[in-house]
Amino acid sequence: MADTKVISEVTGSIWKVLVAVGDSVEADTPVILVESMKMEIPVLAPDAGVVAEVLVAVGDPVSEGQAVITLKT
Amino acid sequence: MTIETKLNELAARKEKALGMGGPEKLARRRAEGHMNARERIDVLLDKDTYVESGLFATSHLPEARDKTPADGKIAGFGKINGRPVAVVSNDMTVMGASSSVVNGKKIRHMREVANKSGMPLIFLGESTGARMPDRMGAQGRAILGQDPTEYQRLRQSPWVSALLGSCYGSSTWYSCMSDFVVMRKGALMAVASSRVTSMAINQPVDAEELGGWKLHSETTGLVDAVVDSDEQAIETIKRYLSYLPSHHKEAPPTHEVPAGADGRGQRILDIVPADGSKVYDVRKVVEAIADPGSVFETKPRFGKSLSTSLIRLNGRTVAVIANNPLFKGGAIDVDACNKATSFLVFCDSFNIPIVFLVDQPGFLIGLEGERRAAPSKIINWMNALSLVTVPKVSVIMRKSYGQAYLNMGGGRNSDEVICWPTADLGFMAPEVSVNVLFGVKKEEDPVRYEELLQQVTRDTSAWNLAALYETQNVIDPRETRECLISMLDVHRTRMGSEVGRHLLSNWPTSY
């Protein structure tokens, strides 16, 4: 099992957290919604895995390239 | 001496040449699970169509002749689905398929014939770089690299390259000059090997990081498709070529329209949310418009906020450039700009009409983009667009903001602009523009904010664009397929036999 950081591709603020620690996710599942450019832009899990850590909370600012979730893959 | 003696010699020499680098090296490759250079040709070409050119070529050095069957680069002609092609297949079992005086002549001949007689040129790549001693010293300079047109590309015919192993030197260079590159996972493409690079920079270098499939499909964009095996790479090449003409002076081939092509657009309303703040995967829209099973996406992992694909519409090849809100909200970054420009250049060179599917909030602004020369990428794209001579139709599905409105074919940059009723033609997200233009924030003065929001969104609908005849039609999204088929038919360049002017044919193959 490796730790995979799930990265936001855009700068914005956290709109919704769609998963909790312990959830299993498939690759390409939306795990977070970032509000950016007046859109709800999903952050997708790059691989299948189990959510180990949620690194942000609703309302937090987030930058492009920032890790928002840690996945055990 | 009798003719029999001569014929026996012919047979013996043939056997020796076809034996490549010898049974041991071939067995080692087989054990590693890789096809050899001749097996790849067999899988690529229609049965019994292969004619070799240079089977008896060897190194020009007398002492190396015996060790260099076909001189490490196997070349010839054949057919794929009945259409002629030229092929160069690198044989790693013969001196690492290194570039030599003689095999350089073979490649040049393939290039010249493909260009002159109008057939695709396929490189099955795997090579170690320049051969020593051919390239050694001043004498090496005087005998290798003697063709000033070696790296010239005028796109007379399509070039396709497969990266099927370690690729340094010629396999890398020809990939970078090709219109389409497919890479097998585990293959590597780099200027120099990780061993050489590691020595040069005096620190360890990971080969995958230096030139693996992730780097080239996600970061450099030099690879168009990634596959798991040699067989899949060859299948991908065949499929790609099925969309293309054999050369620049003919229209792409037409195919029979598969069953179930009609009525596919019904799904579009379920795919695309009317609310512009919600995102979706535009590739599902492309699927709903195209002939069933005909979507061939290129560079799916690179510049993902813009999706490029070859599709068939009513049996005819069409290129689609679509903003993808699923990634970065569809905001166009530098990678997406480069991807769009190279696709425009390719399509125009091979007479492929272009459809834009538009839903973008503008170019992605930020420090990273500016550092990577975003303004020049945006204008490169516009310059290319202005030089495109194939038919262009733009469909504004939802938002189209700012300068990118023009890049995506708005204004007079397409032959026809079609809007969905959900089209939104602001200059930026209206909520943001109230703040930018008037300095008013919602939380500080909600009444004034609402008033100004009404003001900036007043004139941004499809109806206003239609009233000014800046869009030629507003359609039900479910009718997009049928509308595109008729519009592309209207704009078919009949007087030029559906062949464009190719003003972009000498533009670069990468950016």
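In chain B, the axes of helix α3 (residues 37–44) and helix α10 (residues 230–241) come within 10 Å and cross at roughly 40°. That makes α3(B) oblique to α10(B), because angles under 35 degrees count as roughly parallel, over 145 as roughly antiparallel, 65 to 115 as roughly perpendicular and the rest as oblique. Axes here are lines fitted to C-alpha atoms, for helices over the stretch in contact, with angles from 0 to 180 degrees between N-to-C directions.

This is a predicted model, in which local features need pLDDT of at least 70, side-chain atom pairs count only at pLDDT 80 or more, and totals for chains, interfaces and linings use all residues. Residues are numbered from 1 along each chain as its sequence is written, while chains are lettered from A and ligands numbered from 1 in the order in which they are written.

Where do the two helices meet? R40(B), V43(B) and L44(B) in α3(B) touch D230(B), E231(B), I234(B) and I237(B) in α10(B); contact means C-beta atoms, placed from the backbone, within 7 Å.

Now for chain B as a whole. Helices (H or I, at least four residues) and strands (E, at least two) are DSSP runs, numbered from the N terminus.

| Feature of chain B | Value |
|---|---|
| Helices | 20 helices |
| Strands | 15 strands |
| Span of the C-alpha trace along its principal axes | about 100 × 55 × 40 Å |
| Buried residues | 48% of the 511 residues |

A residue is buried if 20 or more other C-beta atoms, placed from the backbone, lie within 10 Å of its own. Helix α7 (residues 194–201) of chain B is hardly covered, with 0 buried residues among its 8. Just after α7(B), N202(B) takes a positive phi of about 55°.

Notes
Buried ≥ 20, exposed ≤ 12 C-beta atoms within 10 Å, placed from the backbone.
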